[in-house]
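I opened this entry to record what I looked up, going from the ligand site to the strands and then to a helix.

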Amino acid sequence: MSPEAGKTDAAVVVRVPAKVNLALCVGPRRADGYHDLATVFQAVSLYDEITALARSDGQITVQMTGEGSEELPCDQTNLACKAALVLREWAGDATRHGVDLRIVKQIPMAGGMAGGSGDAAAVLLACNRLWGVGLPLEVLSELGAELGSDVSFLLYGGNALGLGRGERLTPQPVTGRLEWVFATAPRGLPTPLVYRHFDEMADRGAIVPDAELSPDALDDLCSGEAARVAARLRNDLQAPAVELYPQLADTLEAGLAAGALAGLVSGSGPTCAFLAADAASADVVASRMAATAGGVRDLRRAYGPVDGPRIVTGRG
Ligand code: C5P
């Protein structure tokens with residue numbers, strides 16, 4: 001049979017943003033291996049684009065191009081692929097629904113910006129439309145939470161408080177716009193490794209796990225005012241990420257020297273996020289860092305919060 005057999009021309013294109021955690025407060029390891037969090041998510045303007053092409057032969061395939069895609073498995077262990085499988089299982093028709101997923105990546109892989117979770121969120125949205133499943137966002141979000149702790153947020157975007165594993169969300173509307181510079185790293189940092197190192201540091205007393213975020217801190221973080229946000233940025237995974245990847249300490253210092261109001265490791269890293277006073281200063285931070293910071297793969301300008309994934313075009 002030709003590789004084109006079983007395809008139809010129905011296609012849905014979805015663009016999904018990356019995220020940064022303005023606060024990531026981590027409690028002790030739970031019995032199920034996860035950690036309770038209080039986190040403030042912000043969706044930022046770096047995007048992956050997912051094209052879903054319907055197949056009528058039941059096959060699910062994934063192709064990736066762009067940022068770091070050479071490191072990705074394009075098989076059933078890929079989170080994008082799993083998202084399609086979970087939705088198909090829900091829809092209950094394994095023989096009819098198939099899809100070719102084409103993912104163009106701009107969000108760094110294993111970078112602490114939820115690139116994998118974002119792709120999974122986009123696939124849920126795209127296949128929901130492509131296959132005519134018609135699930136509301138709330139149900140997609142529940143399916144997403146089974147795939148990964150950040151998938152639910154990536155379905156909504158914007159700014160939100162995340163509790164539990166990060167999947168229990170309360171939207172936090174923000175009027176202002178924050179200007180960011182992201183310094184990506186030459187290699188990734190697997191999230192489970194960083195959490196394991198967090199536990200090890202807690203065992204030796206170097207960290208006190210604490211998943212509490214004060215109401216004042218939450219107010220400041222959701223004020224949309226760069227100076228108030230900068231004073232409250234917090235990432236409890238930063239210390240373990242820096243111990244595992246010592247170069248990040250130099251990157252963080254380089255961002256401050258370049259004029260950022262504040263810098264922190266994004267999520268479990270190794271991407272570093274720098275908050276600037278305004279768009280012009282962020283441009284300056286990016287260009288100064290490009291000239292001075294070693295050990296950085298790339299520098300990206302972005303802003304947040306932005307909306308969650310959107311269907312850009314759809315037929316079918
Ligand atoms: O949920 P997700 O698959 O993104 O998590 C990846 C890994 O990160 C988990 O297997 C777990 O080791 C760790 N994790 C955690 N506590 C959380 C979220 C993630 O320990 N709240």
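Which residues surround the ligand? I am working from a predicted model. I listed G33, Y34, H35, L37, G148, S149, R165, T191, P192 and Y195 around the ligand.

I found an oxygen atom of the ligand 2.5 Å from an N or O atom in the side chain of S149. For H35, a polar side-chain atom lies 2.6 Å from an oxygen atom of the ligand.

Next I turned to strand β4, residues 98–105. I noted that β2 (residues 35–55) runs antiparallel to β4, with seven bridges joining them. In this pairing I looked up A54, and its bridge partner in β4 is V99. Strand β3 (residues 60–66) pairs with β4 in the parallel sense, over seven bridges. Here I found T61 opposite D100 of β4. Six of the eight residues of β4 are buried, so I recorded this strand as largely enclosed by the rest of the structure.

Last, I checked helix α2, residues 115–130. Its 16 residues should span 22 Å at 1.5 Å a residue, and I noted that the end C-alpha atoms are 22 Å apart, which agrees. I wrote α2 down as mostly covered, with 14 of its 16 residues buried. After α2 comes G132, for which I noted a positive phi near 65°.

Key:
Residues are numbered from 1 along each chain as its sequence is written. This is a predicted model: local features need pLDDT of at least 70, side-chain atom pairs count only at pLDDT 80 or more; totals for chains, interfaces and linings use all residues. Side-chain values use heavy atoms; hydrogens and water are left out. Helices (H or I, at least four residues) and strands (E, at least two) are DSSP runs, numbered from the N terminus. The expected span of a helix is 1.5 Å times one less than its number of residues. Buried means under 20% relative accessible area, exposed over 50%, partly exposed in between (1.4 Å probe, protein chains only). Two strands pair if DSSP finds at least two bridges between them. A residue is near a molecule or strand if one of its heavy atoms lies within 4 Å of it. A polar contact is a pair of N or O atoms within 3.5 Å; within protein, one must be able to donate a hydrogen and the other to accept it, and residues adjacent in sequence count only if both atoms are side-chain atoms.
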